[in-house]
Amino acid sequence: MRLRGPIRLDRHATPALLVAGFAVAVAAASALLSRLDLGTDALRLCLQVSVATTIGALFFACLFIGRISEDRRQIAESEQRFRRAMEDSAIGIVVVGLDGRIVQTNPAFASMLGYSREEIEALTFFEITHPDDLHVGRETMEGIKAGTVNAFQFEKRYLKKDGTAVWTHLAGSVIREEKSRRPLYLVSQIENIDARKQAEARIAEAETRWNFALAGAGQGVWDLDIRKGGTTYSSTWVKMLGYADGELDGNPDRWLTMIHPDDRETVAEADRAHLDGQTEFFEAEFRMRHKDGRWIWILDRGKAIERDGEGRLIRAIGSLTDITLRKEAEERLTVSAAMLADEKERLRVTLQSIGDAVICTDAANRVTFMNPVAEKLTGVSAEAALGKTLGHVYWAVDEETGHRIGVTRPAIGAEAPSDQNSRAVLIRRDDTRCSIRQVVSPIMNERNEFCGLVIVFQDFTDARALQRQLAHAAAHDALTGLANRSSFIRTMEELVDQARKDAAAAGSTGHQFMFIDLDHFKLVNDTGGHAAGDALLKRVAQAVRGALGPEDIVARLGGDEFAVILKSGSTAGARIAARSIIDAIAGLDFVWDGRPHAIGASIGLAAINANCGEADEIIARADAACYAAKAAGRGCVCVAPDGRITDDKSEPPAPLAAAS
């Protein structure tokens, strides 16, 4: 929007106008009085009044003209300042119409997006805004038009001329008509914040990596800030002690109360030494009480990072690591070193692998050591196992093949790497089984001679059970336990492919697909609630499953829709099975909150054979047949062979045939 320059008056024009005006006034007064027949005194008085009036009028006219001149001068200066501020600004300034049209912009904004001023002023804000940010500012525009918003600011992305995006911070004001307050246009200041956004993203990414590294290493972090009045702990720290996030935040001295009484003085001395500047770091190993009451060993390392002018602590940061396993290993090392000084290498390898169940053997494959975890997992005490061959204590087989997993000695001169197996099954002497993960490491002395084996294994039963549960959950409906839609569709597609392959086989009859839709089920949900509906669906699933053979496949497709694949390809047999399902569902004695509910089922049948088409086509035909069964009065079966639908009781009328 361009402002026009004001009409300017020369500062010498005002006196000239006054003189001319005065002369004109005197001449006019003289001419007028000459025509009047008045006395000398009266004439003199009239002339004086006329002259005074004229001079006063001219004086006020001069003031008015001067005021106009001053106002126009100020307007011109204001326009000049705005133009210079806009042209010389280091950030973008844009005048935008309410329709999004760019009325005027400065070089900074055009340069920011790689356009010339002429190019960008031919565009609208919608054309240069990133597609994902078109919604930004929509509520602001509605507020501007409603008169509730006069200033605004937000962040959004614009598209450069080369198509790349740039983050900006936009702050602007609304220019309104003075009297009606109707919005005329917007003046926006646009600052390039792309570098800041990228820096924030890098910081966030670095923080994420840092937190992930700490969590992966099992290290917790504490942060003591006197100015904030307390200590905060990372989630890994509080979980290490069995607490929830935020449960330990606050009192900076609370952690001292959780330390084992025998270790408090040692920790306090290390703390004082660091606060006094005697040590570069605070470091201590001590026991802390877990929330469940047990004691765990902790390695605490920290450092004061900020002090006041008098040397008093303001802020300190540190980390805690659970070293319970290491401490237990050190204790076992002390005992073993005293008893088995001549088996140093074996102890070294054992301690490297310790933390789970451990069995050691000698070169003749006889058991020389078992830890308590190994006793528990094998069911054999260390006293009974020592001196026996390994097979007497430890017998592991492959989970899939059932073949024994060998733990033999390496060949002479060959390298002796560790052998790992994550799908082993331990068979105990009482024939019970336990899924394990094992690592078998040979023990070699300094002469590279084989001295025995170290077998480290852990109970993996729960983990594998969880894997199986997850696999089962991915393929089964959570409510009914039947196959879910996705797994059912995969099975059906496999059967369709198999039917095509077996098309040439003699006597190949294919299978039958059954689409089941419950009748009057919505009434149960409406009157008894979804809890009643879920309970009824479980009963329906049991009824359908009970009416079929063990080889038939039953699935819940969703809602109150079920599907069945009958391994038998006989249409007559499918009709009988469908009728059994309808009768079983109709016979359910379902009562919820003292109120009985009765439902039914309508079933559509379609064949699965070489010429049946794709799986979705079969489902569509069965669905149409089920729809026809509902139209025929519900509680019945309709079959759709070769795309035609027939009722199980009689030939269907024309509308049912059309429904297929």
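This note walks through a predicted model, from the whole chain down to single residues.

1. **Overall make-up.** The chain has 660 residues, and 37% of them are buried. Its secondary structure comprises 21 helices and 24 strands.

2. **Surface.** The chain's accessible surface is about 37700 Å². Carbon and sulfur atoms account for 54% of that surface.

3. **Contacts along the sequence.** Take the contacts in the chain between residues at least 6 apart in sequence. Of these, 51% join residues at least 24 apart.

4. **A negative patch.** Four residues form a negative surface patch: Glu493, Glu494, Asp616 and Glu617.

5. Asp616 sits in helix H20. Its relative accessibility is 55%, so Asp616 counts as exposed; the cut-off for exposed is over 50%.

6. **Phe515, location and burial.** Phe515 belongs to strand E17, which covers residues 511-519. Is Phe515 buried or exposed? Phe515 is buried, because its relative accessibility is 3% and buried means under 20%.

7. **Phe515, surroundings.** Set aside the neighbours within four places in sequence. Phe515 then has contacts with Leu557, Glu561 and Phe562, with Ser602, Ile603 and Gly604, and with Ala622, Asp623 and Cys626. Ile603 is worth a look in the viewer. Phe515 and Ile603 are 88 residues apart in sequence, yet their C-alpha atoms are 5.5 Å apart in space.

8. Where is Ser234 placed? Ser234 is in the loop between strand E7 (230-233) and helix H8 (235-240). With a relative accessible area of 22%, Ser234 is partly exposed, because that class lies between the buried limit of 20% and the exposed limit of 50%.

9. **Ser234, surroundings.** Which residues does Ser234 contact, leaving aside neighbours within four places in sequence? They are Gly220 and Val221.

10. **Points to check by eye.** Then find Phe515 in strand E17. Finish at Ser234, in the loop between strand E7 and helix H8.

Note on methods. Residues numbered from 1 in each chain as written. Predicted model: local features only at pLDDT ≥ 70, side-chain atom pairs only at ≥ 80, totals over all residues. Heavy atoms only, no water. Patch = residues over 30% accessible without salt bridge, like charges linked within 9 Å, V, L, I, M, F, W, Y side chains within 5 Å. Areas by Shrake-Rupley, 256 points an atom, 1.4 Å probe, with all protein chains shown as cover. Salt bridge = Lys/Arg side-chain N within 4 Å of Asp/Glu carboxyl O. Lys, Arg positive; Asp, Glu negative; His and termini not counted. Charge placed at Lys NZ, Arg CZ, Asp CG, Glu CD. Helix = DSSP H or I, 4+ residues; strand = E, 2+ residues; numbered from the N terminus. Buried < 20%, exposed > 50% of the residue type's maximum accessible area, 1.4 Å probe, protein only. Contact = heavy atoms within 4.5 Å.
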